[in-house]
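Reader: Hi, I have a structure to go through. Can we look at it together?

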Amino acid sequence: YCNLLKNNIVQGRKIRVMRFLSSRLSEKDCVAIRGGGDHTVHLLELVADIFDKKHIQLKYVIDQKKPELILPEGCKVITMDEFEQKKEEVDKVIISSSRYGKEMKVEMSQKCPGLCMIDPYETFGDGELFPNQGWYDL
C-alpha cells in the first residue's frame with residue numbers, strides 16, 4: 001500500500017509539472033534546457049509528448065560538464081559560454097535543477113538578458129518539488 005501511495009504522489013507531481021510546462025510553451029517554440037543531470041534525464045522523458053504535439057524543438061542542453069545524454073535528433077549539449085553565442089536561436093530556456101536553479105537563472109539573466117526562463121522548481125516551491133530532490137522521486 002505504501003508503494004502505491006508513493007507512486008500516486010509521484011504521478012501527481014508529473015502531471016502538475018507537465019501541465020505547467022505545457023501552459024508556458026507555445027506552438028513551434030525552440031527551447032533549451034539548462035542543466036544536464038538526473039532532473040534533465042527525467043524531464044526529457046516527461047516533455048517528449050508535449051514537444052511532439054506542439055512541434056517544439058529542443059535545440060540545446062546547457063551544462064558545463066557536457067554530460068552524455070540521450071537526446072532528440074538535432075539537439076546538442078553545449079556549455080554556457082557556447083550558448084551565449086547561440087542564444088538568438090532559442091525562444092525559452094527551462095531551468096532543470098533544484099539545487100543550482102537560482103544560480104543558473106542569475107547567470108542566464110546576466111549573460112542573456114531578456115531571455116524567457118521557465119523554472120518549475122521556483123513555481124511549485126518546496127512544498128511540491130522538494131529541494132535537492134526531483135519531482136520524479138520520493
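Author: Here is a short chat about helices, strands and backbone angles.

Author: This is a predicted model, where local features need pLDDT of at least 70, side-chain atom pairs count only at pLDDT 80 or more, and totals for chains, interfaces and linings use all residues. Residues are numbered from 1 along each chain as its sequence is written, and side-chain values use heavy atoms, with hydrogens and water left out.

Reader: At what angle do α1 and α2 pack?

Author: About 55°, with their axes 10 Å apart. Helix α1 covers residues 2–24 and helix α2 covers residues 38–53. Helices (H or I, at least four residues) and strands (E, at least two) are DSSP runs, numbered from the N terminus. Axes are lines fitted to C-alpha atoms, for helices over the stretch in contact, and angles run from 0 to 180 degrees between N-to-C directions.

Reader: What do we call α1 and α2, then?

Author: They are therefore oblique to each other. Under 35 degrees counts as roughly parallel, over 145 as roughly antiparallel, 65 to 115 as roughly perpendicular, and the rest as oblique.

Reader: Which residues of α1 and α2 meet?

Author: K14, V17, M18, L21 and S22 in α1 meet L43, L46, V47 and I50 in α2. Contact means heavy atoms within 4.5 Å. By class, that contact of α1 with α2 has seven nonpolar, one polar and one charged residues. Ala, Val, Leu, Ile, Met, Phe, Trp, Tyr, Cys and Pro count as nonpolar, Asp, Glu, Lys and Arg as charged, and the others, Gly among them, as polar.

Reader: New topic. Are K92, V93, I94 and I95 in β4 buried or exposed?

Author: All are buried. K92 and I94 sit on one side of strand β4 (residues 92–95), V93 and I95 on the other. Buried means under 20% relative accessible area, exposed over 50%, partly exposed in between (1.4 Å probe, protein chains only).

Reader: How many bridges join β1 to β4?

Author: Four, and the two strands run parallel. R34 stands opposite I95 in β4. Three bridges join β4 to β5 (residues 116–118), also parallel. There, V93 stands opposite M117. Two strands pair if DSSP finds at least two bridges between them.

Reader: What about phi of H55?

Author: Near 55°, a positive value in a residue other than glycine. Most residues other than glycine have a negative phi. H55 lies in the loop between α2 and β2. H55 is exposed, with a relative accessible area of 52%.

Reader: And where is K66?

Author: In the loop between β2 and β3. Phi of K66 is near 50°, a positive value. K66 is partly exposed, at 38% relative accessible area.
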